[in-house]
Amino acid sequence: MKRMGMIFRAKANKALDRAEDPRETLDYSYQKQLELLQKVRRGVADVATSRKRLELQLTQLQQQSAKLEEQGRKALSLGREDLAREALTRRSGIQQQVQDLEVQYQQLQGEEEKLTLASQRLQAKVDAFRTKKETIKAQYSAAQAQTQIAESFSGISEEMGDVGLAIQRAEDKTAQLQARAGAIDELLASGALDDPSGLRKDDIAAELDAMSAGSDVELELARMKAELTGGSTPTPAIEQGQQDATPQDQPRFDK
């Protein structure tokens, strides 16, 4: 099971490696960094908003403290020490609130400064990553183009391999057709393909047949002349040759 799991992970890793495009990965990482930067900026804005709210509250409390102090002074000048004491008591409570808010205000102000600094640093890193990303993408595209060109020139790429096989098949078929055409030309020149029945005679037999046909014509012509003149029928050349070849002791018969 461990071995099967290792094989599966290895094949899955190989498949993912083939499917992964470094340019897309870099773009995705840059997008995530932009999202993080946006979150930091929203955090800075939220802290600044809280700080501004405390600042408004402090302003209001300070105004109330000043007003109570003025009321205490006025009550004391009128001989109303009890009212003056009440006003100062309220003013003391407000001053305690002011102190607490000032501490919170300083804390928020410190957090805002830290977040602002972090946002600036993150912005610088994002800008640097963007520059590096575009550089790497350009280098990767150039290397990919150079590899494709080199593979095309060397003929080891898949596309060029298919083209090479197509060219080889075309050349083989062309050579086969040329050989077939040459063979047919030779057969036509030799006369082997003139007679579709395959019963064509050779040159000697054809010449003998032509001589025999000519002898028959001459014999028939001589017979016609003999009938017209009332004479004997002349012996054609071929028969004369046969008669000459007959032994002397054999009797000769004329037609």
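Start by selecting S119, which counts as buried at 11% relative accessibility (buried means under 20% relative accessible area, exposed over 50%, partly exposed in between, with a 1.4 Å probe and protein chains only). S119 lies in helix α3, residues 81-154. A contact here means heavy atoms within 4.5 Å.

This is a predicted model, in which local features need pLDDT of at least 70 and side-chain atom pairs count only at pLDDT 80 or more, while totals for chains, interfaces and linings use all residues. Residues are numbered from 1 along each chain as its sequence is written, and side-chain values use heavy atoms, with hydrogens and water left out.

Zoom out to the whole protein. It has six helices and zero strands; helices (H or I, at least four residues) and strands (E, at least two) are DSSP runs, numbered from the N terminus. Of its 255 residues, 14% count as buried. Among contacts with a separation of 6 or more, 66% are between residues 24 or more positions apart.

Next, select residues 22-77, which form helix α2. This helix has 56 residues and reaches 82 Å from its first C-alpha to its last, close to the 82 Å expected at 1.5 Å a residue (the expected span is 1.5 Å times one less than the number of residues). After α2 comes G79, where phi is positive, near 85°.

Show the side chains of K133 and D27. They meet in a salt bridge, 3.2 Å from N to O (a side-chain nitrogen of Lys or Arg within 4 Å of a carboxyl oxygen of Asp or Glu). K133 is in helix α3 and D27 in helix α2, so the pair ties together parts that are 106 residues apart in sequence. K133 counts as buried at 4% relative accessibility, whereas D27 is partly exposed at 30%.

In α2, K32 and E35 are three residues apart, about one turn of the helix, and their closest N and O atoms are 3.7 Å apart in a salt bridge. In α3, D127 and R130 are also three residues apart, about one helical turn; their salt bridge has its closest N and O atoms 3.8 Å apart. The count by this rule comes to 13 salt bridges.
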